[in-house]
Amino acid sequence: MRVAVHAVGRMKSGPEKELADRFFDRFGKSGAPLGLDFAGVTEISESRAATASERRREEAMRLSAALPAGAALVLLDERGRDLGSEAFARFLAEQRDGGRRATWLAIGGPDGHDRDAAPKADLVLCFGKATWPHQLVRVMLAEQLYRAATILAGHPYHRA
């Protein structure tokens with residue numbers, strides 16, 4: 001199953017990008033033998049619409065247009081479910097084992113995701129109830145993908 005990240009906004013060079021890239025690289029290497037092929041990060045620019053709801057709607061339309069048919073969609077949103085690492089790993093394994101060809105994890109823009117997109121998602125996920133900067137969300141997502149691969153492989157990186 002191909003695993004891709006779709007992000008609204010560009011990540012500038014710096015320590016956050018280096019850390020995210022390091023964990024994405026680790027995930028790419030450790031996930032492939034498990035049938036989790038990292039397809040990379042797609043960045044789209046933030047909408048320039050006048051209102052927050054218009055921006056969210058425009059960004060959702062761009063995500064929807066890019067999403068491969070039949071792909072699982074995971075929205076990262078502070079209103080989502082706060083899953084532990086093992087539950088997240090199980091979710092990815094269930095998508096893979098259920099015949100999904102792709103899973104897309106979407107990081108919204110500064111205004112978040114369009115509310116109409118949430119019912120279309122297979123999972124709305126949060127990293128706690130706090131609001132996180134886009135750069136840190138990307139780092140945390142990259143680390144959790146790597147951690148999920150190590151959990152599924154029985155590797156000692158994850159010690160519960």
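Trainee: Is arginine 138 buried or exposed in this predicted model?
Mentor: Start with the number: arginine 138 has a relative accessible area of 5%. Buried means under 20%. So arginine 138 counts as buried.

Trainee: Which helix is the place of arginine 138, and which backbone oxygen does the side chain of arginine 138 reach?
Mentor: Arginine 138 sits in helix α4. From there its side chain comes to 3.5 Å from a backbone oxygen. The residue that carries this oxygen is glycine 9.

Trainee: Which residues does arginine 138 touch, leaving out those up to four places away in sequence?
Mentor: Glycine 9 is on that list, and so are Ala7, Arg10 and Met11. Ala20, Phe24, Val41 and Ile107 are touched as well.

Trainee: Staying with α4, how do α3 and α4 cross?
Mentor: Two packed helices are described by the angle between their axes and the distance between the axes. For α3 (residues 85-97) and α4 (residues 134-153), the axes come within 9 Å and cross at roughly 75°. Angles of 65 to 115 degrees count as roughly perpendicular. That makes α3, relative to α4, roughly perpendicular.

Trainee: Which residues make that contact, and how many of them are nonpolar?
Mentor: α3 brings Ser85, Glu86, Phe88, Ala89, Leu92, Ala93 and Arg96. α4 answers with Gln144, Leu145, Arg147, Ala148, Ile151 and Leu152. By class, there are two polar and three charged residues, and the nonpolar ones number eight.

Trainee: Which element gives the largest share of the largest nonpolar core?
Mentor: That core has 30 residues, and Val3, Phe27, Val74, Phe88, Leu105, Leu141 and Leu145 touch the most other members. Elements giving two or more residues include β1 (2-8), α1 (15-31), β3 (72-81) and α3. The largest share is eight residues, and it comes from α4.

Trainee: What does phenylalanine 27 touch, not counting residues up to four places away in sequence?
Mentor: Phenylalanine 27 is one of the core residues that touch the most other members. Its contacts include Val3, Ala32, Leu36 and Phe38.

How values were computed. Residues are numbered from 1 along each chain as its sequence is written. This is a predicted model: local features need pLDDT of at least 70, side-chain atom pairs count only at pLDDT 80 or more; totals for chains, interfaces and linings use all residues. Side-chain values use heavy atoms; hydrogens and water are left out. Axes are lines fitted to C-alpha atoms, for helices over the stretch in contact, and angles run from 0 to 180 degrees between N-to-C directions. Helices (H or I, at least four residues) and strands (E, at least two) are DSSP runs, numbered from the N terminus. Angles under 35 degrees count as roughly parallel, over 145 as roughly antiparallel, 65 to 115 as roughly perpendicular and the rest as oblique. Contact means heavy atoms within 4.5 Å. Ala, Val, Leu, Ile, Met, Phe, Trp, Tyr, Cys and Pro count as nonpolar, Asp, Glu, Lys and Arg as charged, and the others, Gly among them, as polar. Buried means under 20% relative accessible area, exposed over 50%, partly exposed in between (1.4 Å probe, protein chains only). A polar contact is a pair of N or O atoms within 3.5 Å; within protein, one must be able to donate a hydrogen and the other to accept it, and residues adjacent in sequence count only if both atoms are side-chain atoms. A nonpolar core is a set of buried Ala, Val, Leu, Ile, Met, Phe, Trp, Tyr and Cys residues joined through side-chain atoms within 4.5 Å.
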